[in-house]
Amino acid sequence: MHPLAEQVVKGEARAMARAITYIENDHNEKAELLKALYPHTGNAYLLGITGSPGAGKSSLVDQLVSHLRQLGYTVGIIAVDPTSPFTGGALLGDRVRMQTHAVDPEVFIRSMGTRGSLGGLSRTTKEAVRVLDAAGKDVIIIETVGVGQSELDVMNIADTTAVVLTPGAGDQVQAFKAGIMEIADLFVINKGDLEGADKLKAQVEGMLDVVKHDAPWRPPVIKTVSIRSEGIDQLWASFALHQKFLKETGEWARRRKSHLRSEVLEIIHYRLEKLVNDLLKTGQYDHLLTRVSNRDEDPYSAAQYLLKEIFISREGGKNE
């Protein structure tokens, strides 16, 4: 086994941090590391928590982690932040809001940037989650920044996805978009002590009557006040109930199979795109792109030609 993988499987925090850095930097040993870790994965319960910026997701996660630790669960957290366009690092640094758990050896917290690169949230986050899964964490929480595609991407990682809303933030409009309604396995009305919380809850419930009236699982709508730890026990009870539903109906296995199928396709897409970019960097196909620009060649024929060149060069390399 890869030596770093051995340390990760033992649950060593420094090894976990180093492994995720390998993933973020696309280290040349990353694939070997992930291959070694894969047989040790598949045991953690993966929670996705998303919602608009300012909804109090990090405070909610902080309280949920406290509750989970009281119940004896080990926890891993991947907080996906926007990426700095200058340094490539994560901007928000959710670990600042979770300092109460910083000294707990059974809690591992890592902020990751969306980076906006090939595969983005979907690929790198899945791989980071796999590290924490192999390290033996019972529950892994993926908290996304909740902007655009990341809200939808999280459903391809998590077993259960919670959408966090807040009263008076116009969140009901966002929640009522078909995509968000579809990804949510439960809704959390955070800052539930604010005016309008009951109205928002009623609006979401009303929308669920329309969208989920014949669905086998109707997402519960939970009110919480994270700064006072209110509703956190009910929130975890709803997560646990959904996990039970998934396993009893066979949806747990179906979702995981679907997620892995998507991951295989993402890896193929990423590697093909990387091969094409590497090919174009040589400059030997500039004439082809010039022909496309001049309308002497169509993009589809050019793409087909480049793909053919990749496979010929790969086969040639094998024969050598």
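Is Glu263 buried or exposed? Hold that thought for a moment, everyone. What we have here is a predicted model, in which local features need pLDDT of at least 70 and side-chain atom pairs count only at pLDDT 80 or more, while totals for chains, interfaces and linings use all residues. Residues are numbered from 1 along each chain as its sequence is written, and side-chain values use heavy atoms, with hydrogens and water left out.

Back to Glu263. With a relative accessible area of 9%, Glu263 is buried; that word means under 20% relative accessible area, with exposed being over 50% and partly exposed in between, using a 1.4 Å probe and protein chains only. Glu263 sits in helix H11, residues 251-281. Helices here are DSSP runs of H or I with at least four residues, strands are runs of E with at least two, and both are numbered from the N terminus. Setting aside neighbours within four places in sequence, Glu263 is in contact with Lys126 and Arg130, where contact means heavy atoms within 4.5 Å.

Now please find Val225, in the loop between strand S7 (221-223) and helix H10 (232-249). Val225 counts as buried, because its relative accessibility is 6%. Gly192 is 33 residues away from Val225 in sequence, yet their C-alpha atoms are 5.4 Å apart. Gly192 is also among the contacts of Val225, together with Asn190, Lys191, Asp193 and Glu230, again leaving aside neighbours within four places in sequence.

Next, the inside. A nonpolar core is a set of buried Ala, Val, Leu, Ile, Met, Phe, Trp, Tyr and Cys residues joined through side-chain atoms within 4.5 Å. The largest one has 29 residues, and Val8, Ile20, Ile78 and Val131 touch the most other members. Several elements give two or more residues to this core, including helix H1 (3-9), strand S2 (75-81) and helix H5 (120-134). Which element gives the most to this core? That is H2, with six residues.

Let's zoom in on Val8. Not counting residues up to four places away in sequence, Val8 touches Ala15, Met16, Ala19, Leu37, Val131, Ala134 and Ala135. Apart from this core lies another, of 28 residues, among them Leu60, Leu68, Ile77 and Ile222.

One last stop: helix H2 (residues 13-24) packs on helix H3 (residues 30-37) with the axes 9 Å apart, at an angle of about 130°. Axes are lines fitted to C-alpha atoms, for helices over the stretch in contact, and angles run from 0 to 180 degrees between N-to-C directions. On the H2 side the contact is made by Ala19, Tyr22 and Ile23, and on the H3 side by Lys30, Leu33 and Leu34.
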